[in-house]
Protein chains: 2
Amino acid sequence: MNKTIVAEIISVGTELLLGEIIDTNAAFLAERMRDRGIFVYRKSTVGDNIHRLTVALKEALQRADLVIVGGGLGPTDDDMTREAIASVVGEEPYLDSQLLESLRGMFAARGRAMHESNNKQAWLIKSAIALPNPVGTAAGWFVSIDQKVIVALPGPPHELKKMWHEQVESRLPVSDQFIYHRTIHTAGIGESDLASRISQFTRLESPGIGTYARNSGVDIRVAAVAPTMAQARAVADPVIMEIAAILSPWIFGYDDETLVSAIMKKLVAARQTFACVESVTGGSLAAEITDCPGISSCFAGSLTAYANSVKIGAGVAEELIREHGAVSEPVALAMARVARKMFNADWGLSTTGVAGPDSLEGKVAGTAWIAVVGPNIEWSQLIDWPGSRQMIKNRICRSVFQSFFKLLKEEKCR
Amino acid sequence: MNKTIVAEIISVGTELLLGEIIDTNAAFLAERMRDRGIFVYRKSTVGDNIHRLTVALKEALQRADLVIVGGGLGPTDDDMTREAIASVVGEEPYLDSQLLESLRGMFAARGRAMHESNNKQAWLIKSAIALPNPVGTAAGWFVSIDQKVIVALPGPPHELKKMWHEQVESRLPVSDQFIYHRTIHTAGIGESDLASRISQFTRLESPGIGTYARNSGVDIRVAAVAPTMAQARAVADPVIMEIAAILSPWIFGYDDETLVSAIMKKLVAARQTFACVESVTGGSLAAEITDCPGISSCFAGSLTAYANSVKIGAGVAEELIREHGAVSEPVALAMARVARKMFNADWGLSTTGVAGPDSLEGKVAGTAWIAVVGPNIEWSQLIDWPGSRQMIKNRICRSVFQSFFKLLKEEKCR
């Protein structure tokens, strides 16, 4: 095997080609391999079709040292990954008695009858070892042939992830290249403006620099490859520091940091807390906030006040809604004040608007008011950006977090 | 062009191969094409590398009539899609004066200076027409060569989606094959048990039937291809009806229906409402509920009671928390009762547990109690399923919705 390991990922499933589900496995696998210094050159998705899967496997094996196949290991007739691998390596699958026994034990333990169709989940080929699946009936395969490796894992994300960590990682070939990699997150600056400010770096051969427009703003990824991690860092870190100095007004974090974790950092340092009263975002603000580990140190809670009666019950004056409508600046500010009071928090955040698809109070979907009320400040903004229901909710969340972070940043400078 | 149109999707971006973002564009494009009777045989993802992108494009053009490229149209050096397409069709890009003018106008309207790097966003080749981008600076390309079509669209999902609808769909070749397609959603039955119950259908040549394990349960997809939509329906519908009869105890909906929309249907029919008090799910229940259009007809609101003080303030007895801990059956039931009362709703849902990564009250991450309290019923359940913070939140939401739907279904049968 080459010392620089090149990998490809193949996701199997007609449902992925029909657009019904989004492939999160491929992103997970790509990230794990990046962290091990394995270069992923291509990801492909093919349907539940033995011919197309076999062709894709053959092509991938020509380009890559390591091919990870996700999906197609179920018990049903359209699960074809075992057949395709067997055909590519030219071996005949056989029923492995040990696998069959453990499969039977699994069904017995759950008090369920094992159907004959499950037998194929106990198949194996000569060049494969079975990878036990502690959370499902589909065992994986780890196949070694001609200096190349094929790994087959089941499609359900929690099975694939668990087996990757427990079974696959320790068996992977070791790369003698290290990738050092950092991502700088910015908000409030456009991609081309940002790129022009750091153009003296973006054309460097190493470290490689890429800019990416995201929901949260523009990200800058800086990556260097070298025989040791220390050497890779020595190439990348000085450039990262220079970029950080240039873009400092817009940077909110690095790598795994998010707008919410950046907000948490500032609030914990200031020993302050925050809370929300949400209408149009309907719990999405709170859901994203509570995705952040440790957030209970500064987040008190949130009220999803979907119905006007709930807003009024929580303390928003009824005449304010009657006079200005629920989607209005005065109501947004009142909701943010209610958030502070109700949850006994230093900062209150609020959203009120029209998620659609229908209009409300004569306002079209995408119209919203957001507000942030703190110890010394009352801030509000109109948002007017149509789209699908989920896009609208998502964008309003983004605006609230960006604005809140900016206010906290400025607050500190006073 | 063949009358049965075969398409491939290529997503461009090193960040997709590093696993930092999940490719939602490909799923969107795949779904749109399915609806037009276009067969997507493969999806590929390649990095920001002109050689690899060119190779992938050439390969795709050998297999498919239509290739959709998403991403790589930005203004920066690592945006290579225009260069790759020009190289594959053997044409020289030129600066299109009309595109340049409109680009300049866009920057002027936003009061921003246009950087020279943006010039490449005004490139065109002879065989391409430009697809205007109303929400960004990257125009798309629609390239016709040798009976084949290449469409290039910018990577940001809201730009790609808008341009697809406004610019691409009407220009696509028309298929003379129709795909009729329905998805049956079930919950509470395992995939192999389900497959064995409908095995007389899964081996049929047409309609094609696939079963898929999802977060929400197992889905059954039934699809038929025919020269007219009526013929395709005539093949699929009788089989769908037979499957529906066999699986009726587990079916909660079809196609776009979700557990939440199925719950809404039952509640609206019964003229009842519901509300939540969430702790461990931290707003995720409400966020998923409010993703459902029309839900305000039966959803009153939700309280994210993250801190114990908020639970107590809302009406959970302090001694209950002191005696049993916040993560306990009595507290879950008390929270669900509070939800009914606080929001004046017929049904109250609650969650309390440990999202992790740290333990709480000596309970490990993944431990939770959920409760549903209705007019004539008080129901609760322990959940004990470790995982990442987001997996835990997601699974608890799933359990709450499945249980609530089941209770509503049984309630009706009484």
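Two strands pair if DSSP finds at least two bridges between them; helices (H or I, at least four residues) and strands (E, at least two) are DSSP runs, numbered from the N terminus. The model is predicted: local features need pLDDT of at least 70, side-chain atom pairs count only at pLDDT 80 or more, and totals for chains, interfaces and linings use all residues. Residues are numbered from 1 along each chain as its sequence is written, chains are lettered from A and ligands numbered from 1 in the order in which they are written, and side-chain values use heavy atoms, with hydrogens and water left out.

**Exercise 1. Pairing around β2(A)**

Identify the sense in which β2(A) runs with β1(A) and with β2(B).

Step 1. β1(A) and β2(A) run parallel and are joined by seven bridges; A:Ser11 has A:Thr45 of β2(A) as its bridge partner.

Step 2. β2(A) and β2(B) run antiparallel and are joined by five bridges. A:Thr45 has B:Lys43 of β2(B) as its bridge partner.

Step 3. Seven of the eight residues of β2(A) are buried, where buried means under 20% relative accessible area, exposed over 50%, and partly exposed in between (1.4 Å probe, protein chains only).

**Exercise 2. Two helices of chain B**

Describe how α2 (residues 24-35) and α6 (residues 157-168) of chain B are arranged.

Step 1. Two packed helices are described by the angle between their axes and the distance between the axes.

Step 2. The axes of α2(B) and α6(B) come within 10 Å and cross at roughly 15°. α2(B) is therefore roughly parallel to α6(B); angles under 35 degrees count as roughly parallel, over 145 as roughly antiparallel, 65 to 115 as roughly perpendicular and the rest as oblique.

Step 3. The contact (heavy atoms within 4.5 Å) involves residues of α2(B), including B:Phe28, B:Leu29 and B:Arg32, and residues of α6(B), including B:Leu160, B:Lys161 and B:Trp164.

**Exercise 3. Two residues of chain A**

Is A:Gln272 buried or exposed, and is A:His51 buried or exposed?

Step 1. A:Gln272 lies in the loop between α10 (259-269) and β13 (274-278) of chain A. Its relative accessibility is 18%, so A:Gln272 counts as buried.

Step 2. Leaving aside neighbours within four places in sequence, the contacts of A:Gln272 include A:Cys298, A:Asp346 and A:Trp347. A:Gln272 and A:Trp347 are 75 residues apart in sequence and 7.8 Å apart in space, C-alpha to C-alpha.

Step 3. A:His51 belongs to helix α3 of chain A. With a relative accessible area of 55%, A:His51 is exposed. From C-alpha to C-alpha, A:His51 and A:Met80 are 9.6 Å apart in space, and they are 29 residues apart in sequence.

Key
Axes fitted to C-alpha atoms, helices over the stretch in contact; angles between N-to-C directions.
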